[in-house]
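Dear colleague,

Please find the structure below, with its sequence. A short account of the findings follows it.

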Amino acid sequence: MRIFAALSALALCFSLADYAHAQKATDRSKQKKIAETERADLRQKLNTLKRSIDKTETAKSYAADALAQSEEAISDAKRNLNDLAQEQRQTEAKLGELSKQQAALQKIVDAQQTQLAKLLREQYVAGNEDRIKLLLSGDNPNRINRELQYMGYVSRAQASLIESLRANLAAIEENQAEVQNAKQELDEIATEAREQHAILQKEKTQRSALLAQLSSKLTAQRKEVGAIERDERRLSSLVDKLAVLIQEQRKAEAAAAEKRRQERIARAQAEREKRQAQAKTRNTPDRTANGKISNPDAIEDDEPPSKTLARNELTPDAGVQDGAFAALRGRLRLPVRGDLVAKFGSKRGDGPSWKGLFIRAEEGSEVKAVAAGRVVFAEWLRGFGNLIIVDHGGQYMTIYGNNQSVLKHAGDTVKSGDVIASTGNSGGNEQSGLYFEMRHQGRAFDPLSWVTIR
């Protein structure tokens, strides 16, 4: 009877390995929906902010605006392709790890199945006497005792082995489900990548056609003094409004953190009072000290801009520029390799002075974050094309404009050396390259006084 039960359990264990899962939505699909919902909320806030800036400007036809849709679409497609490539690398690494786990588990299960089969054969050959029959046999009590102990040991060993085998077979089943999920995710990624490539090629063709039509009008409007001044006011307004949003978000995060802290204190106090009441001990006051240090961080007056233009070959290294942004003065590097063709403070023809640098670079060159921070804007903006703004804390921001594509989303955290965009000439710019600004408390200052170039 016991052999039959054990064999039934063994058969049940084997059948678990052949159980087929119903197909379900991949983990990636679920996570993607959550991320898209969060980004949609943030994008709505940024679009509201942009509309409020547009309302302050007089109605006028801008040639560069005709490029906005295709340039945004190109940027989105390249960003999506960048995200998909990263997802593919991560999923392939996960699949490789799952395969290793599967092989290790299968090896353990094979050994356990062999061990259990051997145990059952030995028990069958030994005769497998029933306990009741053994007790009533009238045999030597010492032998009966030994046989009963042995039978108990065998039963426990069988039960333990079967339970372990079941657990390992369940683990294999779970592993197989994860492997299948990972393979489905890779299929999804490949499909989406093909779609994004098609979109990218379509939008590039459309932009080229628009550029050919608008070439003369773009050239004329670039030379308008009023247009340049409006572009600068628009960017300054955006930075100011972003600063308000950042401040509001930080206040909300601080309030939430303070609420959690107060809740922890309340729970700890309640637990202390409960223990004190149970132990009937004297109540000892819990004194805490709390102080805040305010260290406002303002930059010095802008230093005179560099008198000569230069070729930059240095770009930010991963993780090198750590710590508070204000402490990085003199240690930063420009975000892209290329020729410095416009510098802070130099005149723009008959127009206002440059508020930043323009670094001429081949289209598609990597643009890197100069230091750690959080992306607060990653959209198209009139006059600056595909624009990305990184908040570094302490009211410092870096601004990267005229990109072919921005590769990060608003809300993303970045480290020094992270690739955040690729160079281009979006926004109606004549040359391919990067427009780069640094600001503190909304005021632009000379990046060359903060960076090392070579």
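**Confidence in the model**

Where pLDDT is low, the predicted coordinates should not be read in detail.

This is a predicted model, in which local features need pLDDT of at least 70, side-chain atom pairs count only at pLDDT 80 or more, and totals for chains, interfaces and linings use all residues. Residues are numbered from 1 along each chain as its sequence is written, and side-chain values use heavy atoms, with hydrogens and water left out.

For the protein, the mean pLDDT is 75, and 67% of the residues reach 70 or more. Confidence is lowest in helix α1 (residues 2-17), at a mean of 48, and highest in strand β5 (residues 366-368), at 95. Helices (H or I, at least four residues) and strands (E, at least two) are DSSP runs, numbered from the N terminus.

**Nonpolar cores**

A nonpolar core is a set of buried Ala, Val, Leu, Ile, Met, Phe, Trp, Tyr and Cys residues joined through side-chain atoms within 4.5 Å. Buried means under 20% relative accessible area, exposed over 50% and partly exposed in between (1.4 Å probe, protein chains only). The largest core has 32 residues, and Phe 325, Leu 332, Tyr 400, Ile 420 and Phe 436 have the most contacts inside it. Among the elements that give two or more residues to this core are β8 (396-406) and β11 (433-440). Another core, of 17 residues, lies apart from it and includes Leu 238 and Val 376.

**Aromatic pairs**

Rings of Phe, Tyr and Trp (its six-membered ring) pair if their centres lie within 6.5 Å; planes under 30 degrees apart count as stacked, over 60 as edge-to-face and the rest as tilted. The count comes to eight aromatic pairs. One of them, Trp 354 with Tyr 435, is tilted, at 5.9 Å centre to centre and 40° between the planes. Trp 354 lies in the loop between β3 (338-342) and β4, and Tyr 435 in strand β11, 81 residues apart. Both Trp 354 and Tyr 435 are buried.

The rings of Tyr 396 and Trp 450 have centres 5.6 Å apart and planes at 55°, so this pair is tilted as well. Ring pairs link Phe 325, Tyr 396, Phe 445 and Trp 450 into a cluster.

With kind regards

Note on methods
pLDDT is the predictor's confidence in each residue, from 0 to 100.
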